[in-house]
Amino acid sequence: MTAQPLLSNDTTALPLPVTAPRPAGSPGRTLGRLGAVLLSILLIGAVFAPLIARHPATGRSGRPFEAPSGEHWLGTNDIGEDLFAQLLFGARVSLTIALLAALVGVGVGLAVALLAGYSRGRVETVLMRIVDLTLAFPFLVLVIVLAAFFGRNLFTTVLVIGAVVWSRPARVLRSQVVKARENQHVLAAQAMGATGPRIITRHLLPRVAPLAAAQFVRVANIAVMLEASLAFLGLGDPTRVSWGSTLHFASTANAILTDSWPWWILPPGLALTVAVVGLAFLGYAIEEWADPRLAGSTRPRRTASGSNQPPLTAAADYTGPVLEVRDLSVEYRTDRGTKLAVDEVSFAVGAGRTVGLVGESGSGKSTLVTALLGLTRPPGRVTAGTVLLNGHDLGRAKRSLLEGARGRQIALVPQSAMNALNPAYPIVRQVAEAAELTRDAPAARARAAELLELVGIPAERHRAFPHEFSGGMRQRVVIAMALANDPDLLLADEPVTGLDVVTQAKIMKLLLDLQKKFGMSLLLISHDLPLVAHAADEMLIMHRGRIVEAGPTVQVTGSPQHSYTRHLLEAFPGVHGPRVVSGSAPARYQEPS
Amino acid sequence: MNQVRKPVLLLLPLLLAGLVLPGSAVAQSPEGKPLRVAINGFENNLTPFSVSFGSAPNTNDLIGLVYDTLFWSQVKEDPEPWLAESAEPNADMTEWTVTLRDGLEWQDGVPLTAADVAFTFEYYKKQAGASGRYAHHVSDVPLFQSATVVDEQTVKITYGAPAPQFKVMPGADLPILPKHIWESVTDPKTMSTGLPVGSGPYKLVEIVPDQLYRFEANEKYFKGKPTVDKLELPVVKDPSAAFSALRTGEVSSVAFNVPPELFDQFSKNPDLALAKSTRYQSTQVNFNARKAPLSDPKLRKAMSMATDKDALVETVLLGRGTPGLPTFLHPDSVWGTKDTKSDYDPEAAKKMLDDAGYTPGAGGIRVAPDGKPLSFSMLVNSFIPQDVRAGQLIAQQLAPLGVEFKVEALDPAALTARRRPAVMGDVPPYDAYITNLESHGHVDPDALYYFFHSPGPKGFGVGITGYTNPAFDKIAEAATTAPNDERKKLIAQLQETIATDAPSMALWYKDGDWAYRPADYDGWVADPGQGILTKRSFLPEYVKVARASRESGEDGGSAAGESTEDGGSNLLLPVVAILALVGVGIVVARRRRPAGADDDD
Amino acid sequence: MLRTTVQYALVLFAAVCLNFALPRLAPGDPVDYLFPPEQTGVITPEQRAQVLGEFGLDEPVPTQFGRYLAGIARGDLLLSVRYGRPVVDLLAERIGWTLLLVGSAVVISGLIGTVLGFRSAWRRGSAGDAPVLSGVMFLDALPPFFVGLLLLLVFSVTLGWLPTFGAQPSVSADGLEFVIEVGKRLILPLATLTATSIGPIYLVARSALLSELREDYVLMAEAKGLTQRQVRRHAQRNALLPVSTIILIGLGTLAGGAVVVETVFSYPGLGRLIYESVLARDYPVMQGAFLLLAIGVIAANFLSDLLYPVLDPRVRQSAGARA
């Protein structure tokens, strides 16, 4: 069970330090700025303390327990030292310790992470067990033991805090190193004989650097808090002016029982809070920058549940296309600018027809699909266009209508069926859940069983979990799910990509068979032109967000008008017309390419 | 899901608020209901062996509730008979015949006899390690030899040297143990002995470890039925918590000194009264007299002269104390001189160092004749803030003299360890430290012997300061066996020597201020040398006297009539702060709602 | 499984050794704490040996270590020097209060943190996210002792609503009254501890759900027409995994108590016991308490190893295959 060493697997680990664009208006940006401002204020106070404060931080400059006055802005403490000066000079201690402890903690943590993540095996096990051990480490004794050897000074404090906090960055960064290590470039470098140190410094280090930066801020944050706690408990150096020691003396001099607390307890307490919150905001901003998932971005909030919506079925006398799209545009807005992903796309899918949508990766196919389902995710935004389903105008704002249509009139067989199933639930439950939209629970269960049988999954496996199935089988489950409510239109987005060739053919056959059986329309989306050409009645060629060519399959493949279509066709030699998809592999896969 | 969750979340604070509502401040009356007094340390099962003297200074008083001594009050020159009816010495004072009162009983009904007394002396000797602070009663001074039972009521204590102070030490200090309980105990420091059985006015009936002691009155006590039936002593280690509990009425008194910063406020509080009785505490700097250049009395004396003890008292104690005297002993001690002249004279101190060859050096720090700069470390207990503050102030005061002190704060065990040489007899590594003496030291007729005699039969003197002065030793030895009048003269000579040699520099003697709620109980007896939580505060004859003297206004008690709006200003800010926070919360919550609803894009 | 067990056993043994060695490296010994010379007179080496001997601490260090190990095997953690009582009893007395205080704080902050974190992630980018995110980070930034002092100041000192110290009433109280009295003493420390420990759980919950919401199965769940509530449940089910881990780790470190909060509120928990034992150089208590701490952490590991398969069927399968 070593695959799940929970302690060594920090749950806050952020696996993707790719700096992808981030939606505008994410909290990190604002928080980061706020954090930087707060810290700058403290930093200015700390650096210019001798200029700002009118009195030294230590040594009496007034009577004990003076109330605030023009002379002593925050009054004086129990021996007549100026509290305002102590507040400013205290910032120096907190910030210095934060900086040094973070350097030590992240330095050690990073070294351990790199060593463990790089060498794996026994070294890793030992290192990570030591990391585990630090959680159960008698921290308080360590404080006293180290203080005995080195005295109660800044060095000891930094050492103690470093010794306590290093395991956290070690844990987080190790999982990152492990991932980075599996990266193609790193593997390639290794294959070409790069040495360990070189791989670590040239390849692994840069990949974990953003996360290490985030950890640095986090550790600094913890260090500020720890230093203050130690000082408060009386385990720090009471002769060193810091926020913690000011609070220590305030607490031991019963400040909460006297009138002195508003200027003796509140300011250092708030200063500590500001420092920690400033670091936390900054740390969050860095983490979000390192891992844009955290940005969250603006995700439309939907209100009504779909099941209450009137059905969008075709009227009895309706003879038009199942789906009609007019001038649909979708754009992505990020902090790096705006990109038009779908640009005034128009097309229609007739009843019972199979329409193929072909384009290379990044052409906007999937954006189009999600837009059709009303599932455009931020930072994407539908900016223009009309969608008609069975003649009903879905409009881009009428999300509730779309929701009524999803799973009923329009169903999706998504890209990467490998991940389209929730790993936590048995498959039959996931199919039944879909079927429940239009029927009660027992009926839905029956329907689910029926559908799973139909796509070729034997009854005894219905209660199994997704991970227990192969990719092809999972795709069958996904198809069963899509069919749950007899949709009028099936959107199949790269339905067989990633499957082995034999399975591809089987799934395609199943899909087409079922289309006929249920009389559905099919929008088949793929980068694989031959595959689409074999199945589709009509074809749409998409390039850079626009549909550059549309027409019957024979026409598009036979006499392409657009240069891009020709280019696509040339990339797939041997495609000269529709071929019947059979149980055997298509001929093109046997040709050398 | 949200609809379900919200009411639950709302309910939580309501539930908590429900707990708050019933009034928590329940006033205790002496009749029936227990009297609650906060103490600041848990002392296991309160036997003379179980207490740790490091944690709580009021353990003597607590033990005194359960156990009795032969005489009362070690602070007196001629203590009052307690368990003993009388104690008569032989001619050379090496043998004391103690006669016990009639009809004494242990709390479990077993008669208390001479056998118990004899056993007690022998047992403390046998368990010298565990008995800690009582060990010296049966070791060197006085030089205990044996205890013999003469008859039921009479016991004879024999010493190897004259013991003129028998009635005080050990008479008024050594708790008498019941033989029938302790004779089989070989591990007295463990709590295997269970609830203690003494002869005192209170029976310990319940111990909630680290939280509470519950006592019930011993109605058959030989001094009469105690005035309070039940005592509850909650352990409150944090002084702020204890004194705030006193203010709210959660406790009726606090068994430790009112901190200086609370004194004014408390004396104005109409619900509180203050009693004053010094416990002869002192705080001093001990120099390592065996380590050069601190071994030079002139250097030590110069530092003492350059230290402004008045300023220390004004600053650290806010005036609630007496500045330390060069003659070391507490000015109110029956044994000390009444000479209260300060030796503060920084200019003379400078001259003294100039003359002794301490020349100015780099950074304003003088250099000793042997070439070492006068740069020292001052060890302080980091958990006694007043000591830390004193250290800081002394360092500042001595800087102009050209002596540098770096204050080094240590936890108590580390501090003791630093003072202890690795091998007994070696010179310990410290330079100076600040330490505190509780009542015992200053009223003990042999105190100066213990602290400054060298080497001392068991190395006491060396252990405390390392001070060596053969002339001093000779007088000190003579003093231990001298009769009172002569002893006082000798002690005065010793004090003069201390004042000259300055092995230890007394910084201050704290006032003892004790606060209580007179509405709950007003029989408190403020005996010198004790706190107010002593058995005498509950014994009718003493309570009567105390009340009478308080009424005539002689006592330090000050149930002031001035009523001030205490806490009024305190209330405002936090309430405003909380309202503001709540307000912000509501605004955020409100904003979130419509914003979320509009966000339908 | 066996390998893991062996590894954990080794970690535990390392902790046991560390717990024995580290306290003895600190300057001073129990006698130094118990008998400060000013109060008790200087202790002679013989007297020191006599006191230590009562607790077996005068023996050579290897013998002591042997006794310590043998004691652990018997479930006997020796005698506390400061308290003169079995360490097991001391720990037993304290663990109840710690479970009550720290345990409920972990549970409550776990619940609140998870609910808020999920909610934030679900409403990410909307007005419901950023204020909560920054609000929780602010709470997290408040030093516990500062919060504790302020609460004490407001509710105990100024308003006088709540007691200022301890865990249970000093007046004899029974039944409901006792519960109420204990509750009144619990509120402030619990509030302090809860408020200051929501942060990490919230952040993990938020990032875990955000991460799940990017998964394809969520898109699929939406595409197949599920209601938002159903979709959210799908994602939360999987996001619970890291959340439960961090809560369990919180429970695992529970034996360490909450020193700062227990100090501010004079609460008789394990943290305070450990802290005072460290100052008193009470080796047996330190050894025992740290052992408990190590066991807690390792038990939390084991528990999450057990919980993982329950929450994640993938692990259930592969764990079964590996075992």
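Okay, let's start in chain B: B:G321 has B:K510 as its bridge partner in strand 18 of chain B. Before going on, a word on the model: it is predicted, so to speak of local features we need pLDDT of at least 70, side-chain atom pairs count only at pLDDT 80 or more, and totals for chains, interfaces and linings use all residues. Residues are numbered from 1 along each chain as its sequence is written, while chains are lettered from A and ligands numbered from 1 in the order in which they are written.

Back to strand 18 of chain B, residues 504–510. Strands here are DSSP runs of E with at least two residues, helices are runs of H or I with at least four, and both are numbered from the N terminus. Strands pair if DSSP finds at least two bridges between them. Strand 14 (residues 321–323) of chain B runs antiparallel to strand 18, joined by three bridges.

How many residues of strand 18 of chain B are buried? Seven of its seven. Buried means 20 or more other C-beta atoms within 10 Å of a residue's own, with C-beta atoms placed from the backbone; 12 or fewer is exposed, and in between is partly exposed.

Staying in chain B, look at B:H453, in the loop between helix 14 (447–452) and helix 15 (460–464). Why does B:H453 count as buried? Because B:H453 has 28 C-beta neighbours inside 10 Å. Its C-alpha atom is 8.6 Å from that of B:P470, 17 residues apart along the chain.

Now over to chain C, where 84 residues are in contact with 81 residues of chain A. Contact means C-beta atoms, placed from the backbone, within 7 Å. Helix 1 (residues 2–25) of chain C gives the most to that side of chain C, with 11 residues.

Which residues of helix 1 of chain C are buried? They are C:Q7, C:V11, C:A15, C:N19 and C:P23. An α-helix has 3.6 residues a turn, so residues three or four places apart point the same way. The buried residues of helix 1 pack against helix 4 (121–135) and helix 5 (139–150) of chain A, plus helix 14 (283–311) of chain C.

Last stop, chain A: leaving aside neighbours within four places in sequence, A:A223 is in contact with residues including A:I97, A:A101 and A:V165.

How values were computed
Contact = placed C-beta atoms within 7 Å.
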